[in-house]
Amino acid sequence: QVQFVESGGGLVQPGGSLRLSCAASGIAFRAYTMGWYRQAPGKQRELVATITPSSNTNYGDSVKGRFTISRDNAKNMVYLQMNSLNVEDTAVHYCTASNSSVWGQGTQVTVSS
């Protein structure tokens, strides 16, 4: 059974940082491109970042230079280091694998003063 479990969200002030984690199971993890996505209230889900099996990365325009995606193939984990957070980053953040229809429960990130 494919499963993604996100954690690490919370409330942070503008300019702060958070590190999200995603534990994947039920897939041949090292063979998949993994991605972080987010959905803010009233908006469509959008791409945050992806990372290929060889750790090539791609970022959405709104997070370039602020966020860093990484992976640990030995632990089946994907991470998202988020720096210089602003109120527009407030959203539920999800991880998933490429071509997967499975989504986790997400982790809420709230940026507010």
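Which residue in strand 8 is the bridge partner of Cys 22? The partner is Val 78.

## Model and conventions

This is a predicted model, in which local features need pLDDT of at least 70, side-chain atom pairs count only at pLDDT 80 or more, and totals for chains, interfaces and linings use all residues. Residues are numbered from 1 along each chain as its sequence is written, and side-chain values use heavy atoms, with hydrogens and water left out.

Helices (H or I, at least four residues) and strands (E, at least two) are DSSP runs, numbered from the N terminus. Two strands pair if DSSP finds at least two bridges between them.

Four strands make up an open sheet with antiparallel pairing, in the order 1-3-8-7. Strand 1 (3–7) and strand 7 are at the edges with a single partner strand each, so one side of each has no neighbour in the sheet. From one strand to the next the twist averages 15°; axes here are lines fitted to C-alpha atoms, for helices over the stretch in contact, and angles run from 0 to 180 degrees between N-to-C directions.

Strand 8 spans residues 77–82, and five of its six residues are buried, so the strand is largely enclosed by the rest of the structure. Buried means under 20% relative accessible area, exposed means over 50%, and partly exposed lies in between (1.4 Å probe, protein chains only).

Strand 3 (residues 18–25) runs antiparallel to strand 8 and is joined to it by six bridges. Strand 7 (residues 67–72) also pairs with strand 8 in the antiparallel sense, over six bridges. Phe 67 is placed opposite Met 82 of strand 8. Four residues separate strand 7 from strand 8 in a hairpin, and Asn 76 in the turn has a positive phi of about 55°.

## The disulfide

The structure has one disulfide, a term that requires a pair of cysteine sulfur atoms within 2.5 Å. It is formed by Cys 22 and Cys 95, with the sulfur atoms 1.7 Å apart. Cys 22 belongs to strand 3 and Cys 95 to strand 9 (residues 91–97), so the pair ties together parts 73 residues apart in sequence.

Cys 22 is buried at a relative accessible area of 0%. Cys 95 also counts as buried, at 0% relative accessibility.
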